[in-house]
Amino acid sequence: LVYIDESGSDERTGNRAYRWVTKGSPRRNRISVLLVYMINGYITSRTFKGTCTGEIFEDFIIDELLPLYNLYPGSRSVIIIDNASVHYAIQDRVVEIARQ
């Protein structure tokens with residue numbers, strides 16, 4: 001099993017009761033990370049300024065995760081992704097590329 005997740009932090013991270021931002025809120029200097037990991041450690045990551053968008057997530061999956069991906073039932077053949085909204089935007093294209 002291969003897991004992928006994203007996380008971000010800015011100067012307010014430690015002081016907030018919630019971890020989401022209302023639409024239209026001013027953007028802060030934010031650092032984000034995308035991480036691919038397995039039970040025995042991480043495989044690859046990307047750190048960048050700003051918030052993770054569908055385009056950034058898609059590029060990361062296509063450029064950095066899929067080259068390490070194997071066909072089922074091999075190792076690294078099942079990818080676990082949470083239900084963040086940026087994941088839905090790229091679903092069809094990533095599935096299409098993974099099947100090639």
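Residues are numbered from 1 along each chain as its sequence is written, and side-chain values use heavy atoms, with hydrogens and water left out. Since the model is predicted, local features need pLDDT of at least 70 and side-chain atom pairs count only at pLDDT 80 or more, while totals for chains, interfaces and linings use all residues.

Starting with the overall layout, the protein chain has 3 helices and 4 strands, where helices (H or I, at least four residues) and strands (E, at least two) are DSSP runs numbered from the N terminus. Along the sequence, the pattern reads β-β-β-α-β-α-α. Of the 100 residues in the chain, 26% are buried (buried is under 20% relative accessible area, exposed over 50%, and partly exposed in between, with a 1.4 Å probe and protein chains only). Contacts (heavy atoms within 4.5 Å) with a separation of 6 or more come 50% from residues 24 or more positions apart. The chain exposes about 7200 Å², with carbon and sulfur atoms supplying 51% of that area; accessible areas come from the Shrake-Rupley method with a 1.4 Å probe, and for residues only the protein chains shown count as cover.

Strand E1 (residues 2–9) has two partners to look at here. With strand E2 (residues 31–38), E1 pairs in the antiparallel sense over 7 bridges, and Asp-5 stands opposite Leu-35 in E2. With E4, E1 runs parallel, joined by 3 bridges; Val-2 has Ile-79 as its bridge partner in E4. Pairing here calls for at least two DSSP bridges between the strands.

Next comes the inside of the fold. In soluble globular proteins, nonpolar side chains tend to be buried together. Leaving aside neighbours within four places in sequence, Val-36 is in contact with several residues, including Val-2, Ile-4, Tyr-42, Ile-43 and Phe-60.

As for charge pairing, the whole structure has 1 salt bridge, meaning a side-chain nitrogen of Lys or Arg within 4 Å of a carboxyl oxygen of Asp or Glu. Glu-64 and Arg-46 make a salt bridge through their side chains, at 2.7 Å from N to O. Glu-64 sits in helix H1 (residues 54–65) and Arg-46 in strand E3 (residues 41–49), so the pair ties together parts 18 residues apart in sequence. Glu-64 is partly exposed at 21% relative accessibility, and Arg-46 is partly exposed at 22%.

On the surface, Leu-1, Tyr-72, Val-78 and Ile-80 form a nonpolar patch with about 400 Å² of accessible area together. Patches take residues with over 30% relative accessible area and no salt bridge, joining like charges within 9 Å and nonpolar side chains (Val, Leu, Ile, Met, Phe, Trp, Tyr) within 5 Å. Ile-80 belongs to strand E4 (residues 79–81) and is partly exposed at 34% relative accessibility.

Finally, the backbone. Most residues other than glycine have a negative phi, and most peptide bonds are trans. Tyr-72 and Pro-73 are joined by a cis peptide bond, with omega about 15 degrees, and Pro-73 is in the loop between H1 and E4. Arg-76, found in the loop between H1 and E4, has a positive phi near 55 degrees.
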